[in-house]
Amino acid sequence: MALPIETGQPGVIVIGETEPKDELSMPWNVIVHNDPINLMSYVAMVFMRVFGYPRARAETLMLEVHQKGRSLVWSGGRERAELYVHQLHSYQLLATMEKSGA
Amino acid sequence: MIDLSVQPLDEKRILISGIPSVLAAMLRELPEILELRDSPDARARLHPNPTAGSDNINREWHQLADPELRHLFVSAGETVTRDLTALTADKENGDAWQVAFPIEHVPAWMNALNQARLILGEVHKIDEAEMNRTDFDPQSPKHMAALRVHLLGYLLHLFVELDSAHEPGKHI
């Protein structure tokens, strides 16, 4: 957070970085990675089940995984990201989480 | 002609019918394949790291999450293994087989079928090119493993279709 710092010179203040960004408030991304075995139809079904996405969105994300090797499937708080990664692992998808902008 | 299908038998049971003999043989091998889940490669695939670079998070995660995941995978395998004891000849489909099981076992079937495919993929180092193969040498363990991954995948796909045939939000 940027805070004003007293310089000792009358009327002069400097705006500086006095502390790192509040990491706790930074969103986490849930990423699903491509693998050669999982079926495309199965991956789309898992996205619908875990995130409640409509079929069209689930299939778009599934195709992104297939074609680009990975897809950002959800972004938000850390605890929810951990829950989603755990659920995706229970469906045997390759999923990781990372801090947004990392 | 054998017509493999996965359909509700009634309100409480699912029937897989028209199972070709070759797929029936593979299903009988499922328990043996699933026992390989603790081999190093299969274990790494079934219990992947949750982050790409944080050793601390990964270590803590594995301590907390792995036992629960393993219990889920083992339990699914045991359920399907028990169901497979009811595998019988499908008299309406020539040289085929069939099996019926409670509808609540569908998630276990999907889990176990996918587990087996992933385990075969890891144990036999099956990559994208191998999955795109159209010719299979019966003498090659890798080719035969890829064929098994495809056939078990076809059955899994029928389960996915069964799931999507139901009302959105209501899963079997």
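Contact here means heavy atoms within 4.5 Å, and with that settled, here are some friendly notes on this predicted model.

1. **Ground rules.** Residues are numbered from 1 along each chain as its sequence is written, while chains are lettered from A and ligands numbered from 1 in the order in which they are written. Because this is a predicted model, local features need pLDDT of at least 70 and side-chain atom pairs count only at pLDDT 80 or more, whereas totals for chains, interfaces and linings use all residues; side-chain values use heavy atoms, with hydrogens and water left out.

2. **Confidence.** The predictor assigns the complex an ipTM of 0.92 and a pTM of 0.87.

3. **Chain A on its own.** Helices (H or I, at least four residues) and strands (E, at least two) are DSSP runs, numbered from the N terminus. Chain A has three helices and five strands, in the order β-β-β-α-α-β-α-β from the N terminus. Of its 102 residues, 40% are buried, where buried means under 20% relative accessible area, exposed over 50% and partly exposed in between (1.4 Å probe, protein chains only). Among contacts in chain A with a separation of 6 or more, 58% are between residues 24 or more positions apart.

4. **The interface.** A:Ile37, A:Arg49 and A:Gln92 supply 28% of the area that chain A buries against chain B, more than any other three residues.

5. **Polar pairs across it.** Eleven residue pairs are in polar contact across the interface of chain A and chain B, both residues at pLDDT 80 or more. A polar contact is a pair of N or O atoms within 3.5 Å; within protein, one must be able to donate a hydrogen and the other to accept it, and residues adjacent in sequence count only if both atoms are side-chain atoms.

6. **Salt bridges between the chains.** A salt bridge is a side-chain nitrogen of Lys or Arg within 4 Å of a carboxyl oxygen of Asp or Glu. Over all chains there are 14 salt bridges. B:Arg45 lies in helix α3 (residues 40-46) of chain B and A:Asp35 in the loop between β3 (28-33) and α1 of chain A, so this pair joins two chains; the N to O distance is 3.3 Å, and both residues are buried. A:Arg49 pairs with B:Asp163 at 2.7 Å between the closest N and O atoms, running from helix α1 of chain A to helix α7 (residues 141-164) of chain B. A:Arg49 and B:Asp163 are buried too.

7. **Salt bridges within a chain.** In helix α2 of chain A, A:Arg55 and A:Glu59 sit four residues apart, about one turn of the helix, and their side chains meet in a salt bridge (3.6 Å, N to O). A:Arg55 is partly exposed at 38% relative accessible area, as is A:Glu59 at 33%. In chain B, a network of salt bridges links B:Asp38, B:Arg43, B:Asp66 and B:Arg70.

Technical notes
Buried area = accessible area lost by both parts, 1.4 Å probe.
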